[in-house]
Amino acid sequence: MPLWGAVLTPNRIILMKTRLFFLCAVALLAASCGRNVSRSVAFDGPAYLNPSLPEEERVEDALSRMTTEEKVAIIHAQSKFSSAGVPRLGLPEVWCTDGPHGIRAEVLWDEWDQAGWTSDSCTAFPALTCLAATWDPELSLLYGKSIGEEARYRGKDVLLGPGVNIYRTPLNGRNFEYMGEDPYLASRMVVPYVKGVQSNNVAACVKHFALNNQETNRFTTDVKVDDRTLYEIYLPAFKAAVQEGDAWAIMGSYNLYDGEWNCHNDRLLNTILKGEWGFDGVVISDWGGVHMTDQAVRNGLDMEFGTWTNGLTMGLTNAYDSYYLARPYLNGIKAGEFGEEELNDKARRVLRLMFRTSLNPTPKYGKFTSPEHSEAARKIGAEGIVLLKNDGGLLPISGKKNILVVGENAIKMMTVGGGSSSLKAKYEISPLDGLRSALEPSGVKVSYERGYVGDASGSYNGVTTGQDLSDKRSASQLLSDAVSAAKSSDMVIFIGGLNKSDHEDAEGADRLQYGLPYGQDEVISALAAANPNLVVVNISGNAVAMPWVNEVPAIVQDWYIGSEAGNSLADVLTGKVNPSGKLPFTFPVALEDGPLKTQEQYPGVPTGKTIGMFPITEETYSEGVFVGYRYFDTENVTPLFPFGYGLSYTTFEYGEPKADSSSMTKDGKITFTVPVTNTGSVAGAEVVQLYISDSEASVKRPEKELKGFGKVYLEPGQTAEVKMTIDSSALSFFDASSHSWVAESEEFTALIASSSRDVKGSVKFNLK
Ligand code: BGC
């Protein structure tokens with residue numbers, strides 16, 4: 001496919017003409033409305049293009065004009081990332097892009113290889129773990145708006161993200177793309193992201209629905225989970241994205257649930273998503289997640305992408321005709337095997353997607369790599385960084401003249417790699433460069449030692465970092481060079497952690513160990529012995545073991561922050577920004593401390609069954625709702641760092657919490673108020689958390705569950721009242737036998753806390 005083929009297909013030219021016609025119509029309509037509001041304007045075109053008609057009328061009109069072949073044509077891919085429109089009617093192609101941290105570079109029409117554009121280097125925004133760690137829904141809105149603008153500028157209609165799969169094990173290679181272990185936090189953070197993206201006429205495609213909590217055997221794992229756990233832990237963030245965020249698209253996941261692949265899983269897609277939640281958007285398959293025509297037709301899938309059919313590997317003229325929802329479907333309809341009812345439903349949803357995105361009556365144009373986007377990325381990055389330990393107030397950096405930075409992650413570009421979220425970023429400021437530009441102007445000398453070699457490579461699907469990270473020194477030489485430099489420095493900042501290579505934080509394979517790779521533990525201990533002023537910065541999207549935790553005075557949890565990585569980190573280490581991030585997941589001391597104890601729970605066991613050519617593995621979520629802090633706090637297992645934890649350069653004092661009532665009715669609300677004072681000497685922000693504890697219930701419930709939070713910015717000495725309101729949904733558990741949320745009339749306790757393990761005050765109340 002020639003390069004221009006990816007830009008101007010015949011269908012794209014027709015689409016551009018249609019958009020022009022459509023936009024002229026909108027402009028004419030608006031102009032005449034402005035002149036005389038009482039005069040109705042005759043629209044001289046087909047009803048489906050009339051911007052003044054309701055969306056559903058246009059959808060029905062367009063549908064009524066389409067042939068069966070045209071309906072089938074719009075529900076499957078025509079290239080790696082696009083699906084066909086209807087050129088005869090001027091209906092547009094739909095263009096998708098990854099997601100979820102920036103707009104992916106263009107690939108060839110039929111291949112994953114780079115198209116070689118020079119205009120597709122994007123702003124890389126912080127990974128979603130970092131966004132979740134801000135605990136700030138306003139920043140999530142800013143994130144969504146900014147990335148949506150980049151998608152719109154690049155002509156994309158669907159952004160493949162955000163991801164809200166729950167953090168079930170620290171080994172999951174894709175946790176960095178998700179929003180942590182708590183369904184409430186993920187729900188509050190996903191809604192503004194979706195709204196922000198969609199305000200640009202770009203659909204957010206929330207992924208991966210559902211129970212896609214690991215990469216090991218991701219195509220063949222059949223998850224067994226009870227309904228209470230499904231509804232309480234794994235569905236809420238998707239439901240919030242659909243019902244509160246009005247998400248226009250959802251992506252099915254690769255794995256199976258109860259014996260059916262999730263891209264065509266009857267219960268998940270038809271019964272729950274479209275039935276119980278009333279989802280009216282499109283269900284898009286994950287790339288290659290469709291396995292059979294019959295289920296793809298009947299079980300709620302709307303658009304098929306990325307399938308590896310025989311047609312593709314055998315290289316027919318138009319291999320996409322061999323997709324399960326292409327010729328096989330059409331043949332099935334002609335043979336009377338399928339009626340047109342399902343086809344009309346799918347086509348209707350795709351038409352709705354077109355009218356919401358590229359044919360939206362209020363056009364948007366977006367912007368790309370703007371200074372505002374860099375500023376947003378830097379701010380979100382700095383607000384998400386979590387200060388884990390700061391003995392003796394070693395941070396922020398002050399009064400030091402000679403600082404040594406050690407570690408591969410201080411110089412390694414992290415925007416490339418990790419799988420489908422890999423980005424070709426316009427620029428990426430490394431932690432070392434960020435620190436140098438923040439510190440050197442004030443006369444601080446910043447030197448660098450590698451300390452260890454991890455992964456010197458840096459390419460993904462043809463995007464290369466251009467960095468040469470190879471180092472010929474032996475491991476012991478690297479270590480002794482770093483240690484001797486540490487001895488003669490005022491302060492040492494070790495910047496290591498994981499990276500985006502296979503079996504680290506990357507799609508396609510889980511981590512093989514909980515500990516840090518490449519001998520970093522030994523390097524850290526040696527540096528701690530050489531210099532008492534050691535700061536360890538861990539860059540990862542996952543918890544890691546820290547056997548040296550007591551040897552090191554200061555620890556910072558950093559993330560894959562993208563273009564502004566070095567600036568965000570320098571802002572926090574120098575105190576330009578006072579850290580306020582809080583962990584969106586628990587750090588266990590050891591992996592065995594967590595709730596997953598058996599092979600059956602993770603990574604699953606072979607069943608001996610095959611479906612098609614796939615040997616199926618079964619995995620049982622027998623830990624139930626006891627995931628993350630719900631397990632650690634209920635079983636009283638002390639974590640290394642708890643959920644919701646994070647320090648500041650200032651201190652906060654919590655006053656007595658109060659409730660505006662001592663009891664709540666089933667459809668009432670209670671507001672809790674707690675005064676918080678900044679008792680230190682610098683301005684800072686605190687995330688106040690509200691957990692609910694059920695004193696006695698007819699089912700075993702977690703010791704506490706997050707049901708509210710508020711972030712408050714305070715000047716030194718300032719006090720503010722933080723208010724958090726709940727209704728009875730915060731008290732309910734999902735009762736599988738009645739298939740409903742149940743709030744039992746009894747006593748509850750509202751815990752006001754600064755992390756799941758640091759409860760500052762409590763209020764008891766009753767539900768009547
Ligand atoms: C990933 C999706 C991604 C898609 C397209 C799949 O392998 O699981 O998250 O959006 O590829 O790149």
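Lysine 700 lies over the face of phenylalanine 626, with 4.9 Å to the ring centre. The model is predicted. A search of the whole structure finds 32 aromatic pairs, and six strands form an open sheet with mixed pairing.

**Charges over rings and the aromatic cluster**

- Besides the contact of lysine 700 with phenylalanine 626, arginine 188 lies over the face of tyrosine 184, at 5.6 Å from the ring centre.
- Tyrosine 184 also belongs to an aromatic cluster, together with Trp135, Tyr629, Phe643, Tyr691 and Phe709.

**Aromatic pairs**

- The search of the whole structure gives 32 aromatic pairs; among them is the edge-to-face pair of phenylalanine 81 and tryptophan 112, with 5.6 Å centre to centre and 80 degrees between the planes.
- This pair links distant parts of the chain, 31 residues apart: phenylalanine 81 is in the loop between α3 (68-73) and β1 (82-83), and tryptophan 112 is in the loop between β2 (94-98) and α4 (128-134).
- Phenylalanine 81 counts as buried because its relative accessible area is 8%, under the 20% limit.
- Tryptophan 112 has a relative accessible area of 27% and is therefore partly exposed, a class that lies between 20% and 50%.
- Phenylalanine 176 and tyrosine 560 form another edge-to-face pair, at 5.7 Å centre to centre and with 80 degrees between the planes.
- Phenylalanine 176 lies in the loop between β3 (158-160) and α6 (183-198), and tyrosine 560 in the loop between β17 and α18 (565-574), so the pair ties together parts 384 residues apart in sequence.
- Both phenylalanine 176 and tyrosine 560 are buried.

**The sheet**

- The strand order in the open sheet is β10-β17-β16-β15-β11-β12.
- β10 (386-390) and β12 (445-449) are the edge strands, each pairing on one side only.
- On average, neighbouring strands of this sheet are turned by 20 degrees against each other, direction ignored.
- Asparagine 390 stands opposite alanine 554 of β17.
- Helix α16 (residues 475-487) packs on the sheet and touches β11 (402-406), β12 and β15 (491-497).
- The direction of α16 makes about 160 degrees with that of β11.

Note on methods. Residues numbered from 1 in each chain as written. Predicted model: local features only at pLDDT ≥ 70, side-chain atom pairs only at ≥ 80, totals over all residues. Heavy atoms only, no water. Pairing = 2+ DSSP bridges. Helix = DSSP H or I, 4+ residues; strand = E, 2+ residues; numbered from the N terminus. Axes fitted to C-alpha atoms, helices over the stretch in contact; angles between N-to-C directions. Contact = heavy atoms within 4.5 Å. Phe/Tyr/Trp six-rings, centres within 6.5 Å; stacked < 30°, edge-to-face > 60°. Buried < 20%, exposed > 50% of the residue type's maximum accessible area, 1.4 Å probe, protein only. Lys NZ or Arg CZ within 6 Å of the ring centre and 35° of its normal.
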